[in-house]
Amino acid sequence: FKHMKFLWETGLAEGISAPLFDRDEIIGAFTLFSEKKNTFQPESFRLIKSVSSQLSIAVVNILAGENIRQREK
């Protein structure tokens, strides 16, 4: 919770997160922060879920490329 205290002290009032998945495994998180309360509305949840799905695909592809490069070394 130390990081949450740090975020609060830097002026961030709220955040919204969605997990990044590789199949059924969580590989990260996509998080947006706001300095104002009530920035994120119900449609924000649908949008971040959609963006996190696309980011998941991109991250999985990047990790796969890194694994290939490592094996080639």
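1. Is Arg69 buried, partly exposed or exposed? Let's start there. With a relative accessible area of 44%, Arg69 counts as partly exposed. Keep in mind as you read on that this is a predicted model.

2. Now see who Arg69 pairs up with. Arg69 makes a salt bridge with Glu66, and their closest N and O atoms sit 2.9 Å apart. Side chains of opposite charge can pair when their charged atoms come close. Both Arg69 and Glu66 belong to helix α2, where three residues, or about one turn of the helix, separate them. Glu66 is partly exposed too, at 36% relative accessibility.

3. How many salt bridges does a search of the whole structure find? The count is two. Asp22 is partly exposed, with 24% relative accessible area, while Arg23 counts as exposed at 75%.

4. Stay with Arg23 for a moment, since its backbone deserves a look as well. Most residues other than glycine have a negative phi. Arg23 has a positive one, near 60°, and you'll find Arg23 in the loop between β1 and β2. Asn38 is another case: not a glycine, yet its phi is positive at about 65°. Asn38 sits in the loop between β2 and α2 and counts as exposed, with 62% relative accessibility.

5. Time to step back to the overall layout. The protein has two helices and two strands, and from the N terminus on they come in the order α-β-β-α. The C-alpha trace spans about 50 × 30 × 15 Å along its principal axes. Here's a handy check: a compact globule of 73 residues would have a radius of gyration near 11 Å, but this protein has 16 Å. As for contacts between residues at least 6 apart in sequence, 44% of them join residues at least 24 apart.

6. What about the inside? The largest nonpolar core consists of six residues, namely Ile16, Ala18, Leu20, Phe30, Phe40 and Ile48. Strand β1 (residues 14–22) gives the largest share of this core, with three residues. If you click on Leu20, you'll see that its contacts beyond four places in sequence include Ile26, Phe30, Ser52, Leu55 and Val59.

7. Which residues does Ser52 touch, leaving out those up to four places away in sequence? They are Ala18, Pro19, Leu20 and Phe30. Ser52 is part of helix α2. Its relative accessible area is 4%, so Ser52 counts as buried, the cut-off being under 20%.

8. Compare that with the residue just before it in the numbering. Val51 also lies in helix α2, which covers residues 42–72, but Val51 is partly exposed, with a relative accessible area of 30%. Together with Leu47 and Leu55, Val51 makes a nonpolar surface patch of about 230 Å². For the surface as a whole, the accessible area comes to about 6,200 Å², and 58% of that belongs to carbon and sulfur atoms.

Methods
Residues numbered from 1 in each chain as written. Predicted model: local features only at pLDDT ≥ 70, side-chain atom pairs only at ≥ 80, totals over all residues. Heavy atoms only, no water. Patch = residues over 30% accessible without salt bridge, like charges linked within 9 Å, V, L, I, M, F, W, Y side chains within 5 Å. Areas by Shrake-Rupley, 256 points an atom, 1.4 Å probe, with all protein chains shown as cover. Salt bridge = Lys/Arg side-chain N within 4 Å of Asp/Glu carboxyl O. Helix = DSSP H or I, 4+ residues; strand = E, 2+ residues; numbered from the N terminus. Buried < 20%, exposed > 50% of the residue type's maximum accessible area, 1.4 Å probe, protein only. Contact = heavy atoms within 4.5 Å. Core = buried A, V, L, I, M, F, W, Y, C linked by side-chain atoms within 4.5 Å. Rg over C-alpha atoms; globule rule 2.2 N^0.38 Å.
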